[in-house]
Each structure stands twice: as C-alpha cells, then as structure tokens.
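Please look through the following notes with the model open.

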Amino acid sequence: MITQMLLRNHDKKVLWFALAILAAAVLVPLSNLLLPAGNPLHVPDHMVPLLGKYLSYALLALALDLVWGYCGILSLGHGAFFALGGYAMGMYLMRQIGPRGVYANPLLPDFMVFLNWQELPWYWYGFDQFWFAALMVLFVPGLLAFVFGWFAFRSRVTGVYLSIITQAMTYALLLAFFRNEMGFGGNNGLTDFKDILGFNIQAGGTRATLFAATAIMLALALLLSSAIVKSKYGKVLVGVRDAESRTRFLGYRVENMKLFIFTVSAMMAGVAGALYVPQVGIINPGEFAPANSIEVVIWTAVGGRGTLIGPIIGAVLVNFGKSIFTAAFPEFWLFALGALFVATTLFLPKGIVGTLQQFAKARDERKVAAAKEHAYQEQAAKSAGEDGLASAHTQAAE
Amino acid sequence: MYRTIQIFLVALCLIISAFATGARAQEDIRPLVDALGQGGFPQKIEAVGALAASGDPKVAEILGLLSDGKLFAPKTGGAVFLETDSGYADVLTGAPVTDVPGNLQKIRLNNGLRGAISAAMSQLTLLSPDRGARFAAAQDLLKEANPENLDLLNSALAKEQDAEIKATMEAARAVILLKTDASFEDKEAAIATIAARGNRDAVNILNAAFSSAPADLQPAIQAHIDGINQKLAIWDVVQNIWYGLSLGSVLLLAAIGLAITFGVMGVINMAHGEMVMLGAYTTYVVQQTINSAAPELANFSLAFAVPAAFLVTGLIGIGIERGIIRWLYGRPLETLLATWGLSLILQQTIRTIFGPTNRQVDNPSWMSGAFDFGGMSITWNRMWIIVFSIAVFFALLLLLKRSKFGLQMRAVTQNRRMASSMGIRTPWVDAFTFGLGSGIAGMAGVALSQIDNVSPNLGQNYIIDSFMVVVFGGVGNLWGTLVGAMTLGIANKFLEPYAGAVLGKILILVLIILFIQRRPRGLFALKGRAVE
Amino acid sequence: MTTVKPAALKTTNSILYLDGVSVSFDGFKALNSLSFVVEPGELRAIIGPNGAGKTTMMDIITGKTRPDEGIVYFNGEVDLTQKDEADIAQLGIGRKFQKPTVFESHTVWDNIELALNRKRGVFATLFYKLTPEDKARIEEILETVRMTARKDDLAANLSHGQKQWLEIGMLLAQEPKLLLVDEPVAGMTDAETTETAVLLKEIAKTRSVVVVEHDMGFIRDLGVKVTCLAEGSVLAEGSIDFVSSDPKVIENYLGR
C-alpha cells in the first residue's frame, strides 16, 4: 500500500528534481573515483563529504518544511531530532572502533575508560549491530517527537508558544548531553570513528558511497513527502495550517494530524543526522544548540516553505554560502546570516521557489484569463467533466 | 573582685608599656635587631622575643624580612643588613650601605625560630592599631587555637574595644580553653561562647572538642551541636529563598521587557537578550568615560549608566520597531525569525567593536562586599539588584496604570481598531511600547553587568530563561511575570542542592514544558473571547 | 459541572436540548441558565443584541467552550459537554462561523472534498482515493451552492458572499443532522440574501438548522419560529410577529 502511495501521481517538477538528485548520487561518486584529478569535471576528495553534508542538511530542512510549511508548526527544536539520530549513528560507529581505541578496551569507548567506568551502560547495548542502530535512528527521535507532540498538541499549544517550548526542549537536551554522567561523551561528543559496516570511514570509496546513500535518501524522502502532501491527509494539514478551527469543526482530530506529521518529520530529521555524522566524523552536544535549529528554519524560509523543492535548494545554497563566507571573511558570516534572516522575512516571505512559482502562476493566469474571455460559458458548462478534476489536483499540489 | 583587680593591673601595665615603647626612639631597637645576627638559635629566639616586646612599629616588618630570608649578618656576629636587588641596605632606614663586611651570610632559620617569629607576629598584630590586621590575627588564632597564645590573647582581649574582634577573640579563647585543663565551669562557659557563634565553624569546633571533652561535658556539647544544626537548617532554607529571590530578580529584570513586547504587542523579540547585552556595554562605556573624565564620580557611574542604557536601548528598540517589526505584524513567527537575525547582527557588531573577550565593569564601593544577616551573608550587589528590579517593576506598573501613555497602550492591546478610531496614534504607541520594553532590557543589562561577565554572548544566556518566565507567568499580566520569575528563581535554587545546577535547570525546563501542557497560557492567563 | 443525566430525557426526541446552561468569563456571565430546545427537522432563528450569548451558545454546543453548569444533549441521548469539537462534528453537528472560514489555499473542489463525510483518521486520509460516488456527491453539492463554474479557483480568490456559500456547501458535504449557522447573510447583497434564505429553507427540509442573524428582513423571509436571547438567557420565543411585538424584546433589542 505504501509503495503504491509512493508511486502515486507526483508533481512533474518534484519528480524531475528527485531524478536530478538520484543522478547526482551516481555522477558525483563516479567523477570523484574515476576521473583524474586534473579533469575539470573531477569532484575533489574534500568536496564529497562536504556535498554529503549539504544534502543531509537539505533532508533536515525538508523534514522541517513538512511541519512548518505544510502544517504551520514552527519547530525551533528540529536540531534535537537531527542530533539524536546522529548520536544513534555515532554510538554504532563508536562500538565499531572496538579495541582500536587509545585505551584498547574491547567493549568500552575511550571516554568511558577515561571516566573510570567499569561496564557499558544498558542503553549502549545493541549498538554494535548496524540494524539496531538504524532502527534507533528512526525510533529515538520519533519517540521523543511522539511524546512531546502528544502532550503539546492535545493541550493545543500553538504558534509562538509551541516554538518556544520546542526551543526549550532542545536547550534542555543540550544541557543534558553536556554532562559526562549521561554517557554520551560529554562536551567532546563521539568522534575518532574508524569504520562503518566494515569499511574504512576515511577511504574514498566509503565517502563516495556515503554521499550516494545521502542523495538516495534525500530523493526517497522527497518522494515520500510529495506523496504525503498530495494525499487528502496533506490537504488536511494545509487546512490545519490555514484554518485550524474549521478543520476541527469538520470533524478532523487536529492533534492526531499534527502528531503524525511531527513524528514522521522527526524521523526524517533523525535519518539526516545519521547520514551527517559519518561524513563529518563527529557528533557533539553543540548540535543541540537552539541556534542550530533556528538556522534550519532560515534555510527552509530562504528556499521557500510550503514547497518541497524550496527547502532543499535553500539548505544547499545557504550552507554553500556559509562555506565560502567563513573561509573568506569569517568576521562577516554572522552579519550575512543575520541579514539573511531579516531580508527573507521582510522581502522574500515565500522564499526563492515560492516567489518563482508566484511569477509563473501570474504568467499562466494572464494567459488563462485571455483564453477565458472567449470560452467562459463553454468552460462553465464543461467544468464538471474529467479535465477539471485533474487540474484541480495539479493546482492543489503547489 | 580579685579578677577585676588583676585585669586592671594587667591593663595598667600594658598601657604603661605602650607609652614607654611609644616614647622610645627608633635607634633604641638597633641593638635588638643586631642581636638577631648573633649566637645560636636559642639566643636568636630570645632576641625575637625581645624585639617583639619592644613594641616598635617597625618590628613586624623586620620579623617578616627575617622569615623571608632577607636579613644578612657577618658570620662572626655584628650589624644586620637587609639584602636588596642592588646590594645591601640598612634594616631600619632602608638606606643603601656600600661598605659591608665581607663575610655576610643569610641568617638561617629553624623551626623553633620560625615558631617564635610567628608567635611574635600574632602578638604584634593582635595589638596592632590597624583594625583589619587585628581582626585577621584574631581569626588566625581562632583557626589555630594554640594554647601557647592564651596569655597573649588574654592581654589583647583586655585591650580590645571593637565588638566584632572581641567576639572573635573570645571564641578563640574559648576554643583554646577547651584544649587546656581549665576547670569544668570555665569549659562549660567556653562551650557556650563557641555555640553562641552559631555557624558551621562552631559545629566543627564543637565536634572536634567532643571526643576529647570530659564525659560529663559531652551532653552539653551535643545539645549545643544539635541546637546549632537546627538553626543552620532553618537558615539554609532562608538562604535558599534569598538566593532564589536574587536569581528571580535577575530573571524578572530580563523578562519584564519581554513581557511588555510579547504580552502587550504579541511580538516575539528574539533580540531581547541583545538589548540586555547592549545595556551592559553601555554601562561599560559610561564607566570608562567617567573614569577618564571625572574620576571623582566613579562611585556614581551607575546612576548615569541606568538612564543612558535605557535611552540607548530604547532608541534602538524604536528603530527596530519602525524598521522591521511593523512590517511583520500579524505574522508572529516571521517576527521571531527576523529578530533572531537581528540578534546575530547586534552580537557580531559588538564583537567587532569591543572584541570577543569579557569587559571589566567595576562594582562601585557601595555594591561590593557583604554583610551578615543572622546565619547568612548577603552580598551588597545582589541586595541592590533585588531592590532595583522591584523598583523597576513597580515603576512600570505605575506607568501602565496611571499614565496617559499606559492608558493608550492598554487601549491598543484590547482593541486596536477602536483605539485607532478614537484618535490614538497606534503606530507610535507600538513604537514606544517596543522602545519601553527594549529600554527596560537595557536597564537589566546595567544590573547584570554587576554580577555577570560583560561579553557579546551575555544576552544569549538569559533569553531562554526569560521566555520561560513569560510563558510560565502568563502573557499580558505583569504580576504573572513577577510571580513567574520569583517562582522559577526559587525553584531553581531549591533543586540545585539535590540535582546539581545543570540537572536542576533541565528539570525546571521539563517542568515548564509539562506545565504549559496543563495551562497553555500560563499562570495568569486572560480568559474568554478576548483571547481569540 | 452537573452532568447527571435526567431519566426523563430519554423520552424526549428533540435534536438539541439545553437546560440551565451557564458559563462565565472572568466574572462576566455570558450565559445565564439558558434553556433551549430544537426539534428534528426544525429551522430556528435566533436574534438578540450583541453580547446576548449567541456565539457562546454555539461554542458550547460545538464543544469549543465547556459550560460551568447545565446540560446539553444531542439527539436526546448524547451528552455534548463531554465531547470535543471533532467528536461533535463527527456526531453530525455542523457549524458556520460568523466570519466565513474556508481553506483559502485550497481550491473550491478541495474544500468540499475535505468536508465530505468520510473517515477522518490519519491513515484513512493518507490512503484516500476519490471514488466515483464521492466525485458525484461533490459535483452535486457544488451545483447546490452554485459554485460549479469556480471549482478550480482558489478559495482565497472568492468574493465574500461566495465564501459564505462555499462554507455552507462544506457543511452540506459534512451531512450534519444539525446545522448551526452564524450570521450567514452578513455582508451580502439583497439578491444574495434572498437566495440564501431559499437555500437554507431547502437545506432545512432534510435536517435541523439553527440560524443566528441580525437581519430582520432575512428572518421574515425564513418565516420560522424565532428565539430572542438577551443577557445570556431566553427573552421570548415564538413567531416573528409575536416576538417582535413583545415589549421586552423591543426594549432590549429592536428598539435600540
């Protein structure tokens, strides 16, 4: 049933975009591994994990867009789900180090030996298995989102209140993960990974594969999001965003609607974090910082919330800009980021993609209006027919 | 009667000897000083005693030099010289001496000599005319409680006029008495004297004395220990409440401006923390300016900093409202993002101008130090910040309830369109309301500069807490903010001893998140149709 | 809250039964021991000055506000004070707001589709597919509210009157047994007002309808039993001529 849903009528643009991402999943690794370093099309070694990082950020932004753009829930705590997914992956990678750590303890990670711990805490069990860690990548952020959302949505905490308590949530987690007693490496976090699924994490081939995995995941998430958004459920979500009480009075359980998308979105964010960690090589409590979560919001806003392609473009563009800025004029990055926040909200509230769509729509409408002048009566008579239905659907998708 | 006479006689002797020593000329102690360089250790110990007995004001300094190993004498005995960076000098006058004997060597010390020096020093400082020195010496004695000092202490006690020092000395005497074989009554009195101090030190002293005390004295000691512990437990609670109020007042200052912009205008100002930070930097600039232009006013620089900070941040606030926020009314989430961006810009601006490191803002003399209140010590700066925050709170309340501006502000809050058609310039009310909120944040910055590091990140540390206060207390009601701030402050301080500072904070956050589920609009929420 | 169900109630077959309902906000009594009954198939008009408690009454029936005391029964057996909005909507009570509330970023068609009385769970909607019956039903409703020509337009682009009609169409799609309509002709032209009266009368043939309105001409057009509320309780009830000649009603409402 789910595959059937995934293959359902997608918007053409989204489909093309997903294909483009899949193409990148193939082309970037190939170019990196096969082309000689001098070739103008060669992707240099350091670029591969960097691009992978951008794409995992894009996945995070897409996840946020599902709740913010489509359901009106501005989460300022999505960085927490991302970081939890990252920690789950990091725990797997830590266990893979085995006796190759500085203290050569076959079971305990170095930081635990350093803290004089004698045995592995219970919540580290199972993380030596990849399948278990992968499950936890989905489960832990999903569970947190479910519990948090269950409380928040049932008692109808909305708007800025919700934003503030999501921020408090990630802040509390930030403080918690800084503590050594938590057993997640304190403020150093988890790092010094050696291999993943038996492959050396530093090797070119592994890095290229990780990039490909990220791109494929992103494409899949894009299709999944598109399927969700285009379903009747997606329309209900937009209804909740625009007129929550109307949705309620139509008999929809708004809290359940929100809870489902919030949980799905948190799981997506967790996957993004899990893909991020092996490519960046570290996960530490800094990822829980409220500032990080707000930055995700701006990627989404710049690209265009309420569109599926927007957040992906926004995340890649802003982070690409960040890489350039922090290398060339590190002093000015915060000015630029701050200005981006202000300028986007003031001048580009729909984001890049949203604004482009608006232009395109205005152009189409002018054309249609001209056509309508001639055939208004005909169209009115015909409108109950087949083509009217189809166009209703394509329009709703945007 | 006999005791009185004895004390009188001792006092008389001391007075006479004090007069005598005062009358003696400086040169009179030169032989005594030179004696330090002669003979073996027993002779030297005697010489130290003689020096101390002379009562000359220079003696303490000389003994200090001796114990530091700065004094030299010929191997064969003779005049003592002071070693300086460039050669030698006269010990008494400090004048350089060039023709020194060839066989100079450092005057060596052994433990006996060191003990003699230290005893002589405490004797000298106990009788020193400087109050601070005497107090320090008395406290040292209380800590060491060496029975050898008993006589010295007795004589000092007889002379002492200052009540605080006298109490310390009496306690020291009591502790010493417990170590000697004084009579049962004396020891009982001594225990009472110690117990009267009523602090943790007293408990420690009594605990230490407990085992060595005679059996018939032990119940009394135990009773005193229990009594003090009980009192201390009560004071602990009082102290926690005080710390909580102190933290609460800081939260109140930081949150009250936010309560205005959020509660009255519905605007989430993420740059609020940066307004606090700017207020702190204004304090720094004002202080620097006054220190260089009019140092005699340095103690009152805060009096200039408060209005300056209010004006600076208030004007910046009005600028922000006119420039950014007014375009975003009705879109609270966008306002949140834009003001967050603004906070990044403000932080980086300050970092560029003042550098990323902490700036030193001095406490004026009337805000430094502490005083004792019952079983706890209260620092003046915390005290003044509580007073300040309460003053700001009530001034604001008065402004909102009694002034024309406050009336207009409340009118706009309740019904913007109606207010506007009544001739109220709602855009200006908005601008000034935002300016007021920001200005109060600036004043909070002045207060925070006194207890926290003034750095570009100052505001970041308070923004989430302030939001919690506003959300917890409820929007649109200043009393809610007051109660919210104080409750969170006190709850934090009560959780800290059990859970630790970090875990306590996490607990508070979790509790607030849960609380919001129960009461989504805070403690003091508006009800009815007006809410929608 | 007093919610002990009186035994006698089982026998009443009224669609809506309110008795002794009171609610206050910060000391202000919005409803003061209001009692009010609507029979199945009845079309009832409610008038009353501002602040009489009309909207609050609707809030209580639809579960948005909980009464401090009093009983509210639907269909003679369901205690509405124990249910929330979604439950009550699924029981078959539809509500039209004073200000037209439609999904502005959806097309007219999607608005009706969302309102259609089908399973409303997360997964039911996630895997929902438009069946031929549903399609026919939507087209039928569009025809009823005269919106067929505009079915592909975004609701945001409709005029005020059209939004009112779309909202009524959505309520029809919901297939309620009881329809609460708050000021349906506010801001409509005279022609639209007359047409709306016709539409409501047609709708009332198959279900109960409660209409709150200020427009006395419109009420006269409906020609049904009228209840006048004031200060949170019923002032007078009867035909429009009876109610409008009541001296209390004139003093409280019409005379002003």
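1. Ile46(C) stands opposite Thr227(C), which belongs to S9(C). The two strands involved are S3 (residues 43-47) and S9 (residues 226-230) of chain C, paired in the parallel sense over 3 bridges. Strands count as paired if DSSP finds at least two bridges between them. Strands (E, at least two residues) and helices (H or I, at least four) are DSSP runs, numbered from the N terminus.

2. Conventions come next. This is a predicted model, in which local features need pLDDT of at least 70, side-chain atom pairs count only at pLDDT 80 or more, and totals for chains, interfaces and linings use all residues. Residues are numbered from 1 along each chain as its sequence is written, chains are lettered from A and ligands numbered from 1 in the order in which they are written, and side-chain values use heavy atoms, with hydrogens and water left out.

3. Back to the chain C sheet. It is open, has 6 strands and runs in the order S6-S7-S8-S3-S9-S10, with mixed pairing. Its edge strands are S6 (93-96) and S10 (233-238) of chain C, each of which pairs on one side only. From one strand to the next, the twist averages 20 degrees. Axes here are lines fitted to C-alpha atoms, for helices over the stretch in contact, and angles run from 0 to 180 degrees between N-to-C directions.

4. Chain B has an open sheet too. Its 5 strands follow the order S4-S3-S2-S1-S5, and the pairing is antiparallel. S4 (96-97) and S5 (104-106) of chain B are the edge strands, each pairing on one side only. Strand S3 (residues 88-90) of chain B is joined to S4(B) by 2 bridges. Tyr88(B) stands opposite Val97(B) in S4(B).

5. Two backbone angles deserve a check. Most residues other than glycine have a negative phi. Ser33(C) is not a glycine, yet its phi is positive, about 50 degrees. Ser33(C) sits in strand S2 (residues 28-38) of chain C. Ser33(C) counts as partly exposed because its relative accessibility is 43%. The cut-offs are under 20% relative accessible area for buried, over 50% for exposed, and partly exposed in between (1.4 Å probe, protein chains only). Asn75(C), also not a glycine, has a positive phi of about 60 degrees. Asn75(C) lies in the loop between strand S4 (69-74) and strand S5 (78-79) of chain C. With a relative accessible area of 32%, Asn75(C) is partly exposed.

6. Now the charges. Over all chains, the structure holds 34 salt bridges. A salt bridge is a side-chain nitrogen of Lys or Arg within 4 Å of a carboxyl oxygen of Asp or Glu. Which partner does Lys235(A) meet in a salt bridge? The partner is Asp110(C), at 3.1 Å from N to O. The pair crosses between chains, from helix H9 (residues 232-242) of chain A to helix H3 (residues 108-115) of chain C. Lys235(A) and Asp110(C) are both buried.

7. Asp242(A) and Arg241(A) meet at 3.0 Å, N to O. Asp242(A) is partly exposed at 35% relative accessibility, and Arg241(A) is partly exposed at 33%. Arg253(A) forms a salt bridge with Glu255(A), with the closest N and O atoms 3.2 Å apart. Glu255(A) counts as buried because its relative accessibility is 14%, whereas Arg253(A) is partly exposed at 22%. Salt bridges that share partners join both residues into one network, whose members also include Arg156(A), Lys258(A), Asp84(C) and Glu85(C).

8. Consider the nonpolar surface patch. Its members include Phe139(A), Trp150(A), Val510(B) and Leu514(B), and the patch has about 780 Å² of accessible area together. Patch residues have over 30% relative accessible area and no salt bridge; like charges are joined within 9 Å, nonpolar side chains (Val, Leu, Ile, Met, Phe, Trp, Tyr) within 5 Å. Areas come from the Shrake-Rupley method with a 1.4 Å probe; for residues, only the protein chains shown count as cover. Helix H6 (130-154) of chain A and helix H21 (501-518) of chain B each supply at least two residues. H6(A) gives the most, with 6 residues. Val147(A) lies in H6 of chain A and is partly exposed at 38% relative accessibility.

9. Last, the domains. Bounds come from an automatic or database domain assignment. Chain A is divided into domain 1 (2-349) and domain 2 (360-398), with C-alpha centres 39 Å apart. Chain B is divided into domain 1 (2-126) and domain 2 (235-531), and their C-alpha centres lie 60 Å apart.
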